[in-house]
Amino acid sequence: MLNKILHTKKFKYGSAAATLTAIFIVIILLFNGIISALGTQFSLYTEISGEKYYNLGNTTKTLLSETDDEISIVFFAEKDLLIENGSMEMIVTLAEKYSTEFKNISVKYIDLVRNNKEARAIANLSTDGGTLHTTDVIIRSEKTGKVSKPLSGNSFFTVNDSNMILGFNGERRFTESILAVVNASDDKVAIITGHGETENLVNLSELLVGAGYDQTEQVKVDLSKNDIPENTKLVIINNPKLDFLGGKTTSGSGVNEIEKLNRYLKNYGNILVLLNNETGTLTNLSEFLNENGISYTSGYTVSDTAENSRYGSLGRAVHASFKQNTNNAVVERLSSKTDISSAHIVMNSTTPLKVDNEKAAAVLVSSPGAKVTNGTLPVNSGEQVLLAVSSKMNYVKNEEKWSNLFVSGSTDLVHADLNYSTKNADLLRNILSVAGTVDIVTGIETVPFADTNISGITTAQAMHITRITTLFPAVIILCVGAYVFIKRKRL
Amino acid sequence: MFPVYKREMRAYFTSPIGYIFMAVLLALSGGIFSLVNVWLFKTTDTTFYFIAMLCMFTVLIPLLTMKLFSEERKAKTEQILLTSPISLFGIVFAKFAAAFTLFSATFIFSCSVNFLTLSQIAKKAPVFSQYAGNILGVILIGGAFIAVGIFMSSLTENQLISAVTTFCVILVMLLLRVLADYVGNTLLRSVVKWFSVLDRFAYFTGGILSIPAIIYFISLSGVFLFLTARVYEARRWN
């Protein structure tokens, strides 16, 4: 009956036909609209790249399935504008994969330009403090209101020494940041001040935020006035230029900073001391380090011309590798957690360390071809210790309690220029992990970008390829066509 | 429907147009591939190649489709179509299928030659699944453009007008992405980008097989074929 009606003249030609046509087009549009809207929800997008950039591994699924916190991944521009940039498109696509995979994770887009106040409020930034960019991403816990530091788009990619993008580490970045927001604790990191420790502080702070310590959990401590706060998991002494107060001061005030450090270590604390080849002779600090089996000589510099990298403006660079067969649990743990197969740990302007093997162990060493100089005068050569650790372990109520004193001969573990092109930042995070502070995510690797370069093609070969792909098929087809055409003419 | 399809296919191979189209498509495809991947960028990444081919379709597709219905109308042989026992949609679809077969077979052959070339000259051959995905996307977009060309051809008896209008419509469809950047209103911009062919093709070049995009391209073909059938229905009853 319906068929009969539809085949009448009225529905084939005329206003009714035009209406039916319009209805048909609207139905098609609606159908496509529904499919587009449901696309993400029902996994209508399948990755067909060889590298599987958007694949969430078992580690991520296991770690994030344990949390029921409502998490928002927030971008600060409209989605259609973000995905015009290839890099941001990858980050957005991965974020939406998280949203598809985990019901408690959602993705939001807020226009930073039009809704600046709202965007800054969501990022827990005041209207006049802290920068936020349209290519930043934050992770926010809707349950606790905790917010990650703004993650820049660049931080989702790894680069090599030449600043060439090597791979995409979006999964690791997102998973770590989500865990950091969900597992945020009251633990603190104390950054010692009062001895000229002024360099790389901004970058150090950013690295700590990336490791899960927001600004309120990083405490600047002047030991001449204050004690190390409770719940401090790691004390960082970054490039001191003045000595620490030990015993009675010349003013007779009796403040003993070294004693505070000793007491902190005895209470199972962790200290990281960063020195370099410009660190002066700091008597009290040196004595403190010596008592723990580690020493340095002011003015000595390590160089290694065989393995120099091109960080010219930062001075002579040394590639560091982990000391093997130390039988030291801390060294073994750091070595297994820090993968230096794809990028190096690079240290510049490094002073060599001496280690008393009964009290301390070498963590990072130079190559055997390294040389030590004092100004221009050669001192010695051979493998040099670049990072050392002195660890003590005791059982307290049947629980292992560790204290660790790390001494680095270079301040480049916290240098901004080396964040993404080396493993320096990874090493710092792993030191924080050893200090028992951070759930370091392991088992999530950077997905490398495929090498698509074609090299070694000569001009003659390129011409040959052009002929094969351009001329031959076309000429053959034209010849066949000519043959058929002529044959038909004759017929 | 199949006899019409066979007739159209035979017409392509018994007249110069089919051979000329295939030769031009093969030459252009090979030339662009050589220029982009071998001479200029020296890369196995074929994103630029596929996008360049989509731009070439603004010129190629009208050449293929301009005569499909215009010629029938000019030669006054459309009466045979209008009085045929085969449904009008069947006839339209048969012509579309013949043009689509010629286009897609030629393009797939060219891409196969390019893929084999890349496999030989590069350290690492391109990922086949992603390459095939891109080919699928381009073929579906080509199919949609052919449907547009058929519709334009059905509106006029002048082949030149048919070709020019097809060119203009395809150009607008490709430029929607660029035009969207000039739209200030967020909602309107989203709508314009939703219709954009290149925005949807971007999934394929990014290594993602997008079912919504595939459905969109097929729907686009379907809509224009439907409109072509409606034009002839109206003409039949007029």
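How many salt bridges are there between chain A and chain B? The count is four. Keep in mind as you look around that this is a predicted model.

**Where the two chains meet**

Let us start with the contact between the chains. Chain A brings 57 residues to it, and chain B brings 61 residues. The size of an interface is often given as the accessible area lost when the parts come together. For chain A and chain B, the buried area is about 5100 Å², with 64% of that coming from carbon and sulfur atoms.

You can look up one salt bridge by name: the side chain of A:Glu51 meets that of B:Lys124, at 4.0 Å from N to O.

Which parts of chain A supply at least two residues each to the side that touches chain B? They are helix 2 (9–12), helix 3 (15–38), strand 1 (45–47), helix 5 (79–82), helix 6 (86–101) and helix 14 (459–490). Helix 14 of chain A gives the most, with 16 residues. By residue type, the side of chain A that touches chain B splits into 28 nonpolar, 18 polar and 11 charged residues.

Strands take part as well. Strand 1 of chain A runs antiparallel to strand 1 of chain B (residues 208–210), and three bridges join the two. If you find A:Glu47, you will see B:Ile208, in strand 1 of chain B, opposite.

**A sheet within chain A**

Next, turn to chain A itself, where three strands form an open sheet in the order 3-2-4, with mixed pairing. Its edge strands are strand 3 (105–109) and strand 4 (137–141), each of which pairs on one side only. From one strand to the next, the twist averages 25 degrees.

Strand 2 of chain A (residues 71–75) pairs with strand 3 of chain A in the parallel sense, over five bridges. Within this sheet, A:Ile73 has A:Val107 in strand 3 of chain A as its bridge partner.

| Helix of chain A | Strands of chain A involved | Direction |
|---|---|---|
| Helix 6, packs on the sheet | touches strand 2, strand 3 and strand 4 | about 145 degrees with strand 3 |
| Helix 8 (residues 170–182) | lies across strand 2, strand 3 and strand 4 | about 35 degrees to strand 4 |

Definitions and conventions
Residues numbered from 1 in each chain as written. Chains lettered and ligands numbered in written order. Predicted model: local features only at pLDDT ≥ 70, side-chain atom pairs only at ≥ 80, totals over all residues. Heavy atoms only, no water. Contact = heavy atoms within 4.5 Å. Buried area = accessible area lost by both parts, 1.4 Å probe. Helix = DSSP H or I, 4+ residues; strand = E, 2+ residues; numbered from the N terminus. Nonpolar A, V, L, I, M, F, W, Y, C, P; charged D, E, K, R; others polar. Pairing = 2+ DSSP bridges. Axes fitted to C-alpha atoms, helices over the stretch in contact; angles between N-to-C directions.
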